[in-house]
Amino acid sequence: QVQLVESGGGLVQAGGSLRLSCAASGSINSINAMGWYRQAPGKQREMVALITNGGNINYADSVKGRFTIFRDNAKNTVYLQMNSLKPEDTADYFCNAYEVGWSGKIDYWGKGTLVTVSS
């Protein structure tokens, strides 16, 4: 089992910045990748950014050039630096970690942190 705890959400004006943090604990050696998803009211949850153990990174097209995902392995923490925020970035942001084992892919989720961008 892996436990994920997010922090760093809040209210920010358009054009501003926020940094989200996700601290992992538990069976962290089993994790293959960590990342961030978001879900806006009335919309489906979407991937924002992922980083694998090998260092491969993927971003949603909507955040490329504005958001940066990085990790601190010593702290078992993944961060999402969000710059040039737009009102459409408003959503609940969820930390995700997954492992792939003999039983298939297992996803772990944090409880989420709310990001609100005012215009």
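1. Strands are DSSP runs of E, at least two residues, numbered from the N terminus.

2. This is a predicted model, in which local features need pLDDT of at least 70 and side-chain atom pairs count only at pLDDT 80 or more, while totals for chains, interfaces and linings use all residues. Residues are numbered from 1 along each chain as its sequence is written, and side-chain values use heavy atoms, with hydrogens and water left out.

3. The largest pocket holds about 250 Å³ of space. Its lining consists of 14 residues, with Ile-28, Met-34, Asn-53, Asn-73 and Asn-76 nearest the centre. A pocket here is an open set of points on a 1 Å grid over the protein atoms alone, where a 1.4 Å probe fits, with protein on both sides within 12 Å along at least five of seven lines; lining residues have an atom within 4 Å of a point. At least two lining residues come from each of β4 (33–39), β7 (67–72) and β8.

4. Asp-89 lies in the loop between β8 (77–82) and β9 (91–101). Asp-89 is buried, at 1% relative accessible area (buried: under 20%, 1.4 Å probe, protein chains only). The side chain of Asp-89 reaches the backbone nitrogen of Lys-86 at 2.8 Å.

Key: Helices (H or I, at least four residues) and strands (E, at least two) are DSSP runs, numbered from the N terminus. Buried means under 20% relative accessible area, exposed over 50%, partly exposed in between (1.4 Å probe, protein chains only). A polar contact is a pair of N or O atoms within 3.5 Å; within protein, one must be able to donate a hydrogen and the other to accept it, and residues adjacent in sequence count only if both atoms are side-chain atoms. Grid points are joined across faces, edges and corners, and a volume is the space filled by probe spheres set on the points.
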